Amino acid sequence: MKLRYVLPVLALLLGVGVAPAAAQTDIGAADACYTWGRTLSEGASGDDVRQLQIRVAGYPGYGGVLGLDGQFGPATKAAVTRFQQAYGLAADGIAGSATFAKIYALQDNDCTPVNFSYDELNNCNSTWSGGNVSAATARANALVSMWKLQAMRHAMGDRPIDVNGGFRSVACNNAVGGATNSRHLYGDAVDLGAGPQGFCALAKQARNHGFSEILGPGYTGHNDHVHVAHRSNRFWSAPSCGVS
Ligand SMILES: [Zn+2]
């Protein structure tokens with residue numbers, strides 16, 4: 001428990017009147033997921049910065065991937081600025097009450113963005129176990145992909161994005177003939193149906209939202225879906241869509 005919480009509680013126990021904790025309520029209506037306690041700008045560091053980076057991971061710019069390192073550098077500032085622009089906020093690259101309020105409005109109590117869920121990113125098992133990383137890591141990776149998809153969904157007019165699956169255990173991956181190094185084994189890969197956008201529009205748009213792996217029409221086995229994921233070096237291949 002932090003000091004700013006301890007003091008009012010202590011005062012309450014002692015029967016001493018204290019003013020409401022204005023600094024806390026100013027930041028905006030929090031939810032059960034996460035509450036930021038300070039304004040964040042370039043130079044800041046900490047887990048609150050990392051939590052912010054996850055939420056704006058879909059705004060790295062074309063071909064970019066935002067590092068989730070808890071260090072608020074120029075790339076994080078640019079991502080926050082793009083997020084603010086996307087939602088019509090004052091675009092100064094500083095995450096304060098208006099930015100956090102928008103994030104709170106965009107997330108559910110389990111920290112997933114409102115239009116995506118852990119369930120739809122895992123039709124393999126309910127535990128997220130049995131892949132190439134721990135269940136916790138697989139879930140964390142899926143969460144980042146969901147925030148990227150939320151950014152992409154908004155950029156494409158807020159129409160639903162059709163998610164056909166994501167995480168696979170080794171057993172699930174083998175059952176569908178997935179590659180042995182498939183990103184589905186790490187939890188960050190998501191397979192998308194055509195939806196109202198169409199495959200090529202999805203594959204092209206994904207380039208702007210932090211997906212370093214994009215596979216789609218024209219790439220072996222990907223004429224009937226678009227696969228987006230994270231990987232260390234970029235690999236884009238949807239030749240029928242001009243994505244390479
Ligand atoms: Zn896939």
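Two residues are in contact if their C-beta atoms, placed from the backbone, lie within 7 Å. The model is predicted: local features need pLDDT of at least 70, side-chain atom pairs count only at pLDDT 80 or more, and totals for chains, interfaces and linings use all residues. Residue numbers start from 1 along each chain as its sequence is written.

**Exercise 1. Overall layout**

Find what share of contacts between residues at least 6 apart in sequence join residues at least 24 apart.

Solution. 
- Step 1. Among contacts between residues at least 6 apart, 59% join residues at least 24 apart.
- Step 2. Take helices (H or I, at least four residues) and strands (E, at least two) as DSSP runs, numbered from the N terminus. The protein has eight helices and five strands.

**Exercise 2. Strand β4**

Solution. 
- Step 1. Strands pair if DSSP finds at least two bridges between them.
- Step 2. Glu213 has Ala229 as its bridge partner.
- Step 3. A residue is buried if 20 or more other C-beta atoms lie within 10 Å of its own, exposed if 12 or fewer, and partly exposed in between; C-beta atoms are placed from the backbone.

**Exercise 3. The largest nonpolar core**

Locate the largest nonpolar core and name the members that touch the most others.

Solution. 
- Step 1. A nonpolar core is a set of buried Ala, Val, Leu, Ile, Met, Phe, Trp, Tyr and Cys residues joined through C-beta atoms within 7 Å.
- Step 2. The largest has 51 residues; Val56, Ala203, Ile214, Val228 and Ala238 touch the most other members.
- Step 3. α6 gives the most to this core, nine residues.
- Step 4. Domain 1 (18–111) and domain 2 (114–244) both give residues, so the core lies between them. Domain bounds come from an automatic or database domain assignment.

**Exercise 4. Arg153**

Decide whether Arg153 is buried or exposed, and list its contacts beyond four places in sequence.

Solution. 
- Step 1. Arg153 lies in α6 (residues 135–155).
- Step 2. Arg153 is buried because 22 other C-beta atoms lie within 10 Å.
- Step 3. Arg153 touches Asn115, Asp158 and Ile161.
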